[in-house]
Amino acid sequence: MSKTAVFAKITAKPGQRDELRAALAAMFPTVVGEEGTELYVLHDDLGDDNAVWMYELYADDEALGAHSSSDAMKATFVALGDLVAEPPLLVLARPVEAKGVDVG
C-alpha cells in the first residue's frame, strides 16, 4: 500500500497565528494514538506572519480517512472557524523518496 501525505497551509486572521497554532496543537494528543498517522508536523510560515503549514504522513488512504473523520478533527475545525482568514489550502501527495522516514 502506498502512503499518503498532506500539505496544508492555514492562514489566520491578522495577528491570530498564536491562537491558530494553539487550536491546531490540541490535535497532537489525539494523533499520538492514531496508528496510521506516521508524521504530524506543525510549522510556522517564515514568509507570512499569519500562516502555518501542516505536513502529515499516513500509512495509507484509509488512515487519512480515519484521521479526517475523527471527532477530534471535527472539533478542531470548529475551533478554527473564527481564527482562519480563508479556507485552508490542502494538497494531497504520494511520497516517492525520503531521507529519515520510510515512504515505502
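A nonpolar surface patch of about 240 Å² is formed by F7, L89 and V91. Patches consist of residues with over 30% relative accessible area and no salt bridge, nonpolar side chains (Val, Leu, Ile, Met, Phe, Trp, Tyr) being joined within 5 Å and like charges within 9 Å. A salt bridge places a side-chain nitrogen of Lys or Arg within 4 Å of a carboxyl oxygen of Asp or Glu, and accessible areas follow the Shrake-Rupley method with a 1.4 Å probe. The model is predicted: local features need pLDDT of at least 70 and side-chain atom pairs pLDDT 80 or more, while totals for chains, interfaces and linings use all residues. Residues are numbered from 1 along each chain, and side-chain values use heavy atoms, without hydrogens or water.

F7 counts as partly exposed, at 36% relative accessibility, since buried means under 20%, exposed over 50%, and partly exposed in between.

Helix α1 (residues 17–25) has R17, L20, A23 and L24 as its buried residues. Seen down the axis of α1, these fall within an arc of 120 degrees, so they line one face of the helix; the arc is taken from the directions from the helix axis to the C-beta atoms. They pack against β1, α2 (28–32), β2, β3 (51–58) and α4 (71–80).

Strand β2 (residues 37–44) includes T37, which is buried with a relative accessible area of 13%. Beyond its neighbours within four places in sequence, T37 is in contact (heavy atoms within 4.5 Å) with V31, L57, Y58 and H67.

Note on methods
Helices (H or I, at least four residues) and strands (E, at least two) are DSSP runs, numbered from the N terminus. Buried means under 20% relative accessible area, exposed over 50%, partly exposed in between (1.4 Å probe, protein chains only).
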